[in-house]
Amino acid sequence: MVMNTARPEELIPITVEFTGGLDMLFSNQRKHSISIPAIDEDGNPSNMAYLVRYMCDHLMKDRRKEFFVVDDNVRPGILVLINDADWELEGEGDYVLQKDDNVLFVSTLHGG
């Protein structure tokens, strides 16, 4: 279990990248440097599941969220890398985000 030592006002700077056509959902921008709250809406350390929700609510400009998420999870066919490692090895949505993490979303449906 991860100890919650972050203060609610703290932010975590991370880089999020989109390839394989996913950038069209995010203002046609492949790379985003963002800072997200260190604590999610439930008072827990921000993890990948929170990042996906956060991106849909604050970063995604396209209304077609179903091209990115299904049932609040990353859509099948999208490869997710956290610091160049498959997110399945890192715990998927449970991975707690760290300062300067690099998260890459690759759509394999568009030739990723």
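Which residue in E2 is the bridge partner of Thr 15? The bridge partner of Thr 15 in E2 is Ser 33. The model is predicted, so local features need pLDDT of at least 70 and side-chain atom pairs count only at pLDDT 80 or more, while totals for chains, interfaces and linings use all residues. Residues are numbered from 1 along each chain as its sequence is written, and side-chain values use heavy atoms, with hydrogens and water left out. Helices (H or I, at least four residues) and strands (E, at least two) are DSSP runs, numbered from the N terminus.

**The sheet**

- Five strands make an open sheet in the order E2-E1-E7-E5-E6, with mixed pairing; two strands pair if DSSP finds at least two bridges between them.
- Strand E2 (31–37) and strand E6 (85–86) are at the edges, and each has a single partner strand, so one side of each is left without a neighbour in the sheet.
- Helix H1 (residues 48–59) packs on the sheet and touches strand E1 (11–19), E2, E5 and E7; contact means heavy atoms within 4.5 Å.
- The direction of H1 makes about 110 degrees with that of E2; axes are lines fitted to C-alpha atoms, for helices over the stretch in contact, and angles run from 0 to 180 degrees between N-to-C directions.

**Strand pairs**

- E1 and E2 are antiparallel and are joined by seven bridges.
- E1 and E7 are parallel, with five bridges, and Glu 17 stands opposite Leu 104 in E7.
- Strand E5 (residues 78–82) runs antiparallel to strand E7 (residues 102–107), and five bridges join them.
- Leu 79 has Val 106 as its bridge partner in E7, and Val 80 has Phe 105 as its bridge partner in E7.
- E5 and E6 pair in the antiparallel sense over two bridges, and Ile 82 stands opposite Ala 85 in E6.
- E5 and E6 form a hairpin with two residues between them, where Asn 83 in the turn has a positive phi of about 50 degrees.

**Burial and the nonpolar core**

- Four of the five residues of E5 are buried; buried means under 20% relative accessible area, exposed over 50%, and partly exposed in between (1.4 Å probe, protein chains only).
- The largest nonpolar core has 30 residues, and Ile 36, Met 48, Leu 51, Met 55, Phe 68 and Phe 105 touch the most other members; such a core is a set of buried Ala, Val, Leu, Ile, Met, Phe, Trp, Tyr and Cys residues joined through side-chain atoms within 4.5 Å.
- E1, E2, H1, E5 and E7 are the elements that give two or more residues to this core.
- H1 gives the most, with eight residues.

- Leu 11 is found in strand E1 and is exposed, with a relative accessible area of 54%.
- Not counting residues up to four places away in sequence, Leu 11 touches Ser 35, Ile 36, Pro 37 and Ala 38.
- Pro 13 is also in strand E1 and is partly exposed, at 28% relative accessible area.
- Beyond its neighbours within four places in sequence, Pro 13 is in contact with residues including Ile 34, Ser 35 and Asp 101.

**Charged residues**

- There are two salt bridges; a salt bridge is a side-chain nitrogen of Lys or Arg within 4 Å of a carboxyl oxygen of Asp or Glu.
- One of them joins the side chains of Glu 41 and Arg 53 (2.7 Å, N to O).
- This pair links distant parts of the chain, as Glu 41 is in the loop between E2 and H1 and Arg 53 is in helix H1, twelve residues apart.
- Glu 41 is exposed at 53% relative accessibility, and Arg 53 is partly exposed at 29%.
- Asp 62 forms a salt bridge with Arg 64, and their closest N and O atoms are 2.8 Å apart.
- Asp 62 is buried, with a relative accessible area of 17%, whereas Arg 64 is partly exposed at 34%.
- Asp 23 lies in the loop between E1 and E2.
- Asp 23 is buried yet has no salt bridge, and the nearest side chain of opposite charge, Arg 30, is 4.9 Å away; Lys and Arg count as positive and Asp and Glu as negative, while His and the chain ends are not counted.
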